[in-house]
Amino acid sequence: MSITPLAAVPHAHRTAPLFRGRIGRDARSGHYAVPHRYRLHLSTACPDGLRLAVGHSLLGLDAPCPVTLLPAVPDCPDGGHTALRPLYEASSHHYTGPALAPVLSDDWSGRIVSTHTPDILRDLDRFRPDDRTRLYPAGLESVIEAVERMCAEGIEEAAQRAGRADAPPRERAAALDTLLDTLARLERRLSGEEYLADGRLTAADIELWVSLVQLDTVHRCHLDASAVHRLAGHHALWAYARRLAAHPAFGRHLDLDGIARRHHGRCQGLEAAGAAVQILDWASHAGHTPDACRR
């Protein structure tokens, strides 16, 4: 299967994270993959936290790498979490910035290993209990990276630009065209296919599913109703999103109430008519309310 259409979107610029430690394969690496040493701190209302929670569940890492759930809305004015402050201060002398999630920490040292979600997800792959589940199978790296680029720029950034009330109409229209073009290419990819790469669940599916969750629960609130109806017209894509929502590793982490509270607490844009046009009934497809929703 050709991956050329997926690779067409340029890589989105991301702000460099503060901590970029990696988990190596043996003791010489300093941070090496050993059970019960590391811990994830995340909120499933945050897109990066949701990505890590889904990947963590697919890999079956509840015992070897436990998760500490954080509130949907950070409790510090700077957007950080009070619970993470000791880790940040132990990891960086005189640290004064926000204590942001998600975090992969080392319980042995009480310090942070990484705050960079793509690295963390790749390193969690080294904890897998067997070879049946691989988020990054050998030979599929280029497909997964291409999907990551499409989601970052073609969906998330394009949707943000399309919903900016203070942007000129021409810029908003161009951004919407980029978004629709990206969805159309993914629609073609998923027509007749269950997953994005090699007929199996990979990190590419986690990336796309979280982007679709964000598109329908956050970004559509700033689009007009006509635009949302055009987004909803990609039937194979949203059927794929429904299937994954019904998968226990995906749906049980879907904190719809937390996503809404996080959005309203952070967003400074104007709500548009698209807010009333929900594409999927995520709650019914996920099948139950996760623990995080009750926080």
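## Strand β3 and its partners

In this predicted model, Tyr38 has Asp106 of β3 as its bridge partner. The two strands involved are β1, residues 38-42, and β3, and they pair in the antiparallel sense over four bridges.

Strand β3 covers residues 103-106. In a regular strand the side chains alternate between the two faces of the sheet. Here Val103 and Ser105 point one way, while Leu104 and Asp106 point the other way. All four of these residues are buried.

## The hairpin

Strand β3 also pairs with β4, residues 111-114, through three bridges, and these strands run antiparallel. Within this pairing, Ser105 stands opposite Ile112 of β4.

Together β3 and β4 make a hairpin, with four residues between the strands.

## Aromatic pairs

How many aromatic pairs does a search of the whole structure find? The search finds five. A pair of aromatic rings is described by the distance of the centres and the angle of the planes.

One of the pairs is Phe19 with Tyr88: the ring centres are 5.7 Å apart and the planes lie at 70°, so the pair is edge-to-face, given that angles over 60 degrees count as such. Phe19 belongs to the segment before β1 and Tyr88 to helix α2 (residues 85-91), so this contact ties together parts that are 69 residues apart in sequence. Phe19 has 10% relative accessibility and counts as buried, because buried means under 20%. Tyr88 is buried too, with a relative accessible area of 3%. Ring pairs also join Phe19 and Tyr88 with Tyr95 in a cluster.

Another edge-to-face pair is formed by Trp209 and Phe250, with 5.1 Å from centre to centre and 85° between the planes. Trp209 sits in helix α6 (residues 203-217) and Phe250 in helix α9 (residues 248-251), so the pair links distant parts of the chain, 41 residues apart. Both Trp209 and Phe250 are buried.

## Backbone details

Which residues does the cis peptide bond join? The bond runs from Ala101 to Pro102, and its omega is near 0°. Pro102 lies in the loop between α2 and β3.

His94 is found in the loop between α2 and β3. Its phi is positive, about 55°, although His94 is not a glycine. His94 is exposed, with a relative accessible area of 64%.

His36, in the segment before β1, also has a positive phi, near 70°, and is a residue other than glycine. Is His36 buried or exposed? At 54% relative accessibility, His36 counts as exposed, because exposed means over 50%.

Key
Residues numbered from 1 in each chain as written. Predicted model: local features only at pLDDT ≥ 70, side-chain atom pairs only at ≥ 80, totals over all residues. Heavy atoms only, no water. Buried < 20%, exposed > 50% of the residue type's maximum accessible area, 1.4 Å probe, protein only. Pairing = 2+ DSSP bridges. Phe/Tyr/Trp six-rings, centres within 6.5 Å; stacked < 30°, edge-to-face > 60°.
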